[in-house]
Structures are given as structure tokens and as C-alpha cells.
Amino acid sequence: MASDAAASTFVTGAAGFIGIELVKELTARGHRVLGLAGSKDEAARLRRIGGTPVMGDLLVPGSWQDEAGADWVFHLPPHQSYPWHLTQNGAAAIGGTRVLMDAHLLDAVAAGATRRVVYVADTNCYGLTGSRPITEDALPLSHGTEHRLTPALDRLDGYVVSGLPIVTALPGWVYGNDAWFREHVIEPIVAGRRVLQVGGPGPWVSPIHVRDCARALVHLAEHGAKGRRYFVVNNEAVRINEFAATFARVANRPLRVWRMPAMAARIVGHPPMSGNGLSNAVFSNVRLRGTGFRFLYPTLEQGFQQIVGALDE
């Protein structure tokens with residue numbers, strides 16, 4: 001699909017970590033952006049970056065659905081908080097909530113003139129991968145707690161068959177000056193506090209800078225193939241403990257570590273910086289790069305230089 005700066009856009013999760021960066025990217029390209037906002041605070045955040053808030057909740061049908069039929073729709077449902085000891089029943093409940101949110105949006109736009117839906121899930125539904133990157137042709141999990149989003153992904157096929165032009169984006173470990181990376185890496189290092197690390201060097205994971213993630217979503221609206229899935233990750237995987245070590249080096253700050261034994265992490269539940277079950281989660285971006293996408297921050301060091309520069313400003 002050719003680039004169209006005049007395309008109207010509707011973004012769910014617009015006030016979230018990735019959503020804010022996506023709205024900035026779209027408005028910078030000249031798009032009119034409607035963003036779903038669940039509170040006055042979220043609406044104010046959207047206005048500050050040039051978006052137009054539409055009040056509503058994905059879980060509740062309402063007048064927001066009348067605004068959803070834009071040329072481009074970006075679906076970034078908010079991540080639900082859940083305990084690290086997630087039960088099968090808990091995972092099923094999360095999956096059911098996601099299916100309901102999807103239905104409220106996709107049913108609303110199915111009969112309209114929407115030209116592209118970029119549906120954003122995440123790589124967790126593929127579970128643990130081993131040391132070699134997997135491609136999008138691998139099957140998502142059909143069991144276990146990480147299976148929670150698989151039913152929602154499976155339902156997308158029906159929408160695609162009925163004619164809805166859906167492209168699915170699956171980001172890896174998205175980092176930037178907010179959310180988990182700010183809480184667990186930036187703030188403790190800048191304040192001289194200890195950073196929690198589990199075991200040795202940690203598992204391999206596939207990262208991506210939040211701005212590159214937002215750029216990739218817009219790129220997929222333009223160039224992604226209907227019905228296909230795309231991993232949105234950097235070329236190279238990194239050890240999870242490299243996040244803190246590399247950031248401390250780039251920021252010229254000492255790294256102080258509180259190291260938790262891997263067995264203790266399994267007992268208390270895997271904390272955010274322990275990785276997915278203390279095992280590898282590595283994904284290939286060959287399909288994304290095949291569409292012509294190029295990264296601004298292809299390595300952690302380059303991404304962290306941008307973050308440190310923003311902090312200094």
C-alpha cells in the first residue's frame with residue numbers, strides 16, 4: 001500500500017507506552033490521529049502530542065465505535081496487569097478479555113472503508129524459542145499460560161477471510177524512556193540504586209527501541225501484506241542482563257547489582273528483568289526487513305545513546 005499522509009487514523013491504546021510514540025510518529029507525518037482515551041488524563045496526554053482524543057473503553061460498546069472506521073486502524077489494546085504466578089484460569093480470563101476487546105473494534109470497522117488494520121499483539125504467545133531465532137511461520141502455543149493471546153490471534157483469520165485487511169505486528173522487548181525500562185533500569189542506575197538481575201548473564205531476548213517499534217507499525221500499514229504476521233525486533237538478540245550493563249556504560253554511571261539466584265526467581269515468580277521463564281525468546285526480523293523497513297536504532301548501544309541524550313536535555 002502506497003504511503004498516504006492524508007490517511008485518517010484511529011489508535012486504540014493511544015496513551016500507552018507504544019501508543020504515545022505511534023501518535024507522535026503519525027502526527028509528524030501529517031496524519032489526523034484519533035486516539036481512544038479512557039480518562040481525562042489520557043485525553044490530555046493525547047492533546048499535548050497533537051492527537052484528538054475519543055473517549056471510550058474497548059470493553060464497552062459505545063459512540064467511540066462510530067469514530068473507529070478510519071483509513072488506518074492501529075489496535076494496541078492495553079496490557080492487563082497479572083501476577084507472575086499466573087494460573088491457567090487466569091490466563092484464560094485474560095485471553096477472553098482480549099477477544100472481547102478485539103470484537104468490539106473489528107466488528108465496528110468490518111463493514112466500513114478501512115484500508116488497513118495493524119493489529120498489535122506480542123511475542124509471548126510463541127513461548128520459549130531456544131537459542132535460534134524462530135520465524136512467523138512457527139505456530140503459537142496451544143497450551144500453557146503464555147497461550148492466553150493465541151485464541152485472539154486465531155480469530156483474526158476469520159476477519160481476514162471476510163475481507164478485513166489485517167496485518168499483525170508482534171513486538172519483542174520494547175524499551176525506551178518509560179514503562180518497564182525506566183522503572184527497572186534507568187531510575188535505579190541514575191539514582192545509584194541496585195538493579196535486580198537473575199542468575200548469570202540471563203536468557204537471550206529480542207529487543208527494539210520504542211520509536212523503531214512505532215515506525216515499524218506505520219511502515220506495516222503502508223507495506224505489510226494482508227493476513228501476514230511480522231516480528232518487530234532488532235537484527236540481533238541480546239542477553240537480558242545486557243540492558244542494565246550497556247545502559248550504565250553509555251550513561252557513564254556505575255552499575256550496582258542485586259543478583260537473585262535463578263531458583264529463587266522460580267519460587268517467588270519471575271520478576272520483569274528475569275526474562276520469560278528464564279529461557280530464551282529469540283525472533284527473526286527477516287520478514288519485516290523484506291518489506292524495506294530500516295532501523296534508526298539497530299543496536300542497544302545506539303538506542304541507549306538516544307535515551308541518554310534525551311535525559312541530558
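Biologist: Which residues does Arg98 touch, not counting residues up to four places away in sequence?

Modeller: Contact means heavy atoms within 4.5 Å. By that rule, Arg98 touches Pro77, Tyr119, Val120, Ala121, Leu149 and Ala152, with residues up to four places away in sequence left out. Please note that this is a predicted model, in which local features need pLDDT of at least 70 and side-chain atom pairs count only at pLDDT 80 or more, while totals for chains, interfaces and linings use all residues. Residues are numbered from 1 along each chain as its sequence is written, and side-chain values use heavy atoms, with hydrogens and water left out.

Biologist: Where does Arg98 lie, and is Arg98 buried or exposed?

Modeller: Helices (H or I, at least four residues) and strands (E, at least two) are DSSP runs, numbered from the N terminus. Arg98 lies in helix 4, residues 88-109. Buried means under 20% relative accessible area, exposed over 50%, and partly exposed in between, with a 1.4 Å probe and protein chains only. Arg98 counts as buried because its relative accessibility is 6%.

Biologist: With which side chain does the side chain of Arg98 make a polar contact?

Modeller: A polar contact is a pair of N or O atoms within 3.5 Å; within protein, one must be able to donate a hydrogen and the other to accept it, and residues adjacent in sequence count only if both atoms are side-chain atoms. The partner is the side chain of Tyr119, at 3.2 Å. A polar atom of the Arg98 side chain also lies 2.7 Å from the backbone oxygen of Val120.

Biologist: What does the side chain of Thr129 reach?

Modeller: It reaches the backbone nitrogen of Val282, at 2.8 Å. Thr129 is placed in the loop between strand 5 (116-120) and helix 5 (150-161). Its relative accessible area is 16%, so Thr129 is buried. Leaving aside neighbours within four places in sequence, Thr129 is in contact with Ile134, Asn280, Ala281, Val282 and Phe283.

Biologist: How many disulfides are there?

Modeller: A disulfide is a pair of cysteine sulfur atoms within 2.5 Å. The count by this rule is 0. Cys125 is buried, with a relative accessible area of 1%, and Cys213 is buried, with 0%.

Biologist: How is Trp173 to be read, buried or exposed?

Modeller: Trp173 is buried because its relative accessible area is 18%. Trp173 lies in strand 7, residues 173-175. The C-alpha atoms of Trp173 and Ser206 are separated by 6.0 Å, although these residues are 33 residues apart along the chain.
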